[in-house]
Amino acid sequence: MTKKYFGTDGIRGRVGKDPITPQFIIHLGYSAGQVLAAADWHLAEGKRPTVLIGKDTRVSGYMLESALEAGLCAAGVDVILSGPMPTPAIAYLIRALRLQAGIVISASHNLFEDNGVKFFSATGSKLPDDMEHKIEAGLNAPIETKPSAQLGKVQRIDDAAGRYIEFCKSTFPYHLDLRGLKIVVDCAHGAAYHIAGHVMHELGAEVVTIGVHPNGLNINLGCGATHCSTLQKAVKQHHADLGIALDGDGDRVMMVDKQGKLYDGDQLIYIIAMHRQQKKALKGGVVGTLMTNLAIENCFKELNIPFLRADVGDRYVQKLLQEKKWYLGGENSGHIICRDKHTTGDGIIAALQVLYALRDTNKTLAQFMHGVLLYPQRLINVKIPKSFHFNTSKAVKIVQDAAEADLKDKGRVLIRASGTEPLIRVMVEGESEHKIDHWAEKIAETVQTASNS
């Protein structure tokens, strides 16, 4: 059954345009409240389901927070507000506070004009598909406000940041610290602006923070995990040992070494996996995605580390990890899941796992990646009408087949629809940069033409 509004990472869009409008979000909160109220939570007499709402630093977060709050309370569900907090912090606090669900208002790595809503279950994982279907099914029903005595109540949690900082620190081995390291932390003017630097500082590092002055409009603007050149310059400027870049909601991470070289999610997962294998603590294999660099897959084969690809999206990585009972996986975009540490992808915790590997072995990022040459990848995003389905286009199929025949076993082609935006993502990977550039542009041009015809 196809979902109309929920994508791979909740509901997302341009603020002021359907579905990111106050009217829709009130109905979304009400429908979610109805679904939660109908579930069997075995709550004590007189207790109502409680939902934690967090957000990133977008100016529209205030408006959407109020709309969600109103809808949930109208359905008779209690609400706790955390204010700006990273997405993984909400996942943690749901479990720590024994709540029934959590909601994060964020558009992750997008700029401030966009926003979104993503749900977490009582276990701190993304909401199951069946609950998302139930919420969507109730969106057209009129809001029937509970009697006043049954309305939900709202409160704020004042120590959310401190709780989460301590949780992050607890995932780093007690016998190690970060003393002697100078680290630049780029928080993308996002939800981790008052979190990430404190974590690294309290573990002993000398910390320089950038991207920590949110004004509601500057989230992800020329900084953070999607614009790492800012961090690369800062690491060199401050003569730091390394840099850490998070995205707007703190669930992605990229890292930079003292020479300014960038390490993406694929490489960081490889470092964590290799270190865990050395410590005999890997517990199974690694899950990547269709976007994972072929060179990383080949390296895992050489190390005899089982590797599987999931569809793009951290919910699919999580699902495959759970099925295989493995603990490590993620995406080259920097979503990294360490299931033995947290229930969801967490940029700070993933960075700490990399730092653990570096401190435990006295190696640098470059030394861990020595001899690993990533295949060049070319990614082109093609804006398309929502009604266009590339997999029904003969022209797209013909050019894809031609590209694959030319690349043979020294490359691959991936064409997929974005789960969060009206885009077709074209990725071509291979040994020859000339070939991948040629075919990526050719395929993207064909997709654009087919979508407009």
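Predicted model: local features only at pLDDT ≥ 70, side-chain atom pairs only at ≥ 80, totals over all residues.
User: Is Gln100 buried or exposed?

Analyst: Look at the relative accessible area. Under 20% means buried. Gln100 has 9% relative accessibility, so Gln100 counts as buried.

User: Which residues does Gln100 touch, leaving out those up to four places away in sequence?

Analyst: Gln100 touches Leu36, Trp41, Leu43, Arg48, Pro49, Thr50, Ser121 and Ala122. Take Thr50. The Gln100 side chain reaches the backbone nitrogen of Thr50 at 2.8 Å.

User: Now a contrast. Is Ser148 buried or exposed?

Analyst: Over 50% means exposed. Ser148 has a relative accessible area of 67%, so Ser148 is exposed. Ser148 also lies in a loop, between α4 (129-137) and β6 (154-156).

User: How far apart are Ser148 and Gly76 in sequence and in space?

Analyst: In sequence, 72 residues separate Ser148 and Gly76. In space, C-alpha to C-alpha, the two are 9.2 Å apart.

User: On to helices. How is the packing of two helices described?

Analyst: Two values describe it: the angle between the axes and the distance between the axes. Here is a case. Helix α8 (residues 265-278) packs with helix α9 (residues 294-302) at an angle of about 10 degrees. Their axes are 10 Å apart.

User: Why is α8 called roughly parallel to α9?

Analyst: Angles under 35 degrees count as roughly parallel. The angle here is about 10 degrees, so α8 is roughly parallel to α9.

User: Which residues meet between α8 and α9?

Analyst: From α8 come Asp266, Ile269, Tyr270 and Ala273. From α9 come Ile296, Cys299 and Phe300. The residues of this contact divide into six nonpolar, no polar and one charged.

User: Last, a sheet. What is the strand order in the open sheet of four strands?

Analyst: The order is β13-β12-β14-β15, and the pairing is mixed.

User: Which strands stand at the edges?

Analyst: β13 (307-310) and β15 (336-338) do. Each has a single partner strand, so one side of each has no neighbour in the sheet. From one strand to the next, the twist averages 20 degrees.

User: In which sense do β12 and β14 pair?

Analyst: β12 (residues 286-289) and β14 (residues 328-330) pair in the parallel sense, over two bridges.

Terms used: Residues numbered from 1 in each chain as written. Heavy atoms only, no water. Buried < 20%, exposed > 50% of the residue type's maximum accessible area, 1.4 Å probe, protein only. Polar contact = N/O pair within 3.5 Å; in protein donor to acceptor, adjacent residues only side chain to side chain. Contact = heavy atoms within 4.5 Å. Pairing = 2+ DSSP bridges. Axes fitted to C-alpha atoms, helices over the stretch in contact; angles between N-to-C directions. Parallel < 35°, antiparallel > 145°, perpendicular 65-115°, else oblique. Nonpolar A, V, L, I, M, F, W, Y, C, P; charged D, E, K, R; others polar.
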